[in-house]
Amino acid sequence: ITNRTFTMIKPDAVENGHIGAILEKITSAGFKIVAMKYTQLSLRDAKEFYGVHKERPFFGELVEFMTSGPIVAAILEKENAVEDFRALIGATNPADAAEGTIRKLFATSIGENAVHGSDSDQNAALEGAFHFAGREIY
Ligand code: CMP
């Protein structure tokens, strides 16, 4: 399980037509897709998924944005997945993201930042299990 991470292509990137380009970056970087779905979070889903951020001033905005349209959710496999995926996506704020990273290429703002990547092995497991049943993971 420690060689896996969880990602979402967020509503901004879906709306802007970047699903294909983002999946291409991910697979070209050596990540194998072991689970994937096109879905939309309910208000309840989003509040639960982002529960750790509920005291943050941006929580309402985050939940509203993440429920505003469809997303792609996926579990990715690669050696050192969590760390390598965070390097591939770049800093949370696209203004600070390194050249060539997914957020530098496709994100618009700190809130609408194109992709999610788990920040630890433990959260990767929790987030993957939130979105996928065991039989949906290959
Ligand atoms: P992510 O790391 O995927 O999960 C938490 C999200 O909260 C983060 O991406 C940002 O999209 C969002 N976020 C963090 N800081 C801010 C902020 N200052 N304003 C709005 N959204 C934020």
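A residue is classed as buried if 20 or more other C-beta atoms lie within 10 Å of its own, as exposed if 12 or fewer do, and as partly exposed in between, with C-beta atoms placed from the backbone. The structure is a predicted model, in which local features need pLDDT of at least 70, side-chain atom pairs count only at pLDDT 80 or more, and totals for chains, interfaces and linings use all residues. Residues are numbered from 1 along each chain as its sequence is written.

The largest nonpolar core has 29 residues. Such a core is a set of buried Ala, Val, Leu, Ile, Met, Phe, Trp, Tyr and Cys residues joined through C-beta atoms within 7 Å. Ile9, Ala13, Ile22, Leu76, Phe85, Ile102 and Val115 touch the most other members. Two or more residues each come from β1 (4–9), α1 (11–15), α2 (19–28), α4 (59–66), β3 (71–77), α5 (81–89) and α6 (102–106). Helices (H or I, at least four residues) and strands (E, at least two) are DSSP runs, numbered from the N terminus. Leaving out residues up to four places away in sequence, Ala13 touches His18, Ile22, Phe106, Ala114 and Val115. Contact here requires C-beta atoms, placed from the backbone, within 7 Å.

Ile71 is part of strand β3. Ile71 is buried because 25 C-beta neighbours fall inside 10 Å. Beyond four places in sequence, its contacts are Met8, Ile9, Lys10, Pro11, Val14, Thr39, Gln40 and Leu41. From Ile71 to Glu24 the separation is 47 residues in sequence and 16 Å in space, C-alpha to C-alpha.

An unreviewed UniProt entry places the feature "binding site" at Lys10, Phe58, Arg86, Thr92, Arg103 and Asn113. UniProt positions follow the numbering used here, feature names are shortened, and annotations may be inferred rather than shown by experiment. Phe58 sits in the loop between α3 (43–49) and α4. Phe58 is exposed, with 12 other C-beta atoms within 10 Å. Arg86 belongs to helix α5. Arg86 is partly exposed, with 16 other C-beta atoms within 10 Å.

The unreviewed UniProt entry also gives His116 as "active site". His116 lies in strand β4 (residues 115–117). His116 is buried, with 21 C-beta neighbours inside 10 Å. Outside four places in sequence, His116 contacts Thr7, Met8 and Lys10. Gly117 is also in strand β4. Gly117 counts as buried, with 25 C-beta neighbours inside 10 Å. Contacts of Gly117, again beyond four places in sequence, are Thr5, Thr7, Phe85, Arg86 and Ile89. Gly117 and Asp45 are 72 residues apart in sequence and 17 Å apart in space, C-alpha to C-alpha.

Helix α7 (residues 121–131) has Ala124, Glu127, Gly128 and His131 buried. Viewed down the axis of α7, these buried residues fall within an arc of 100°, so they line one face of the helix. The arc is taken from the directions from the helix axis to the C-beta atoms. An α-helix has 3.6 residues a turn, so residues three or four places apart point the same way. The cover over the buried residues of α7 includes β1, β3 and α5.

Terms used:
Contact = placed C-beta atoms within 7 Å.
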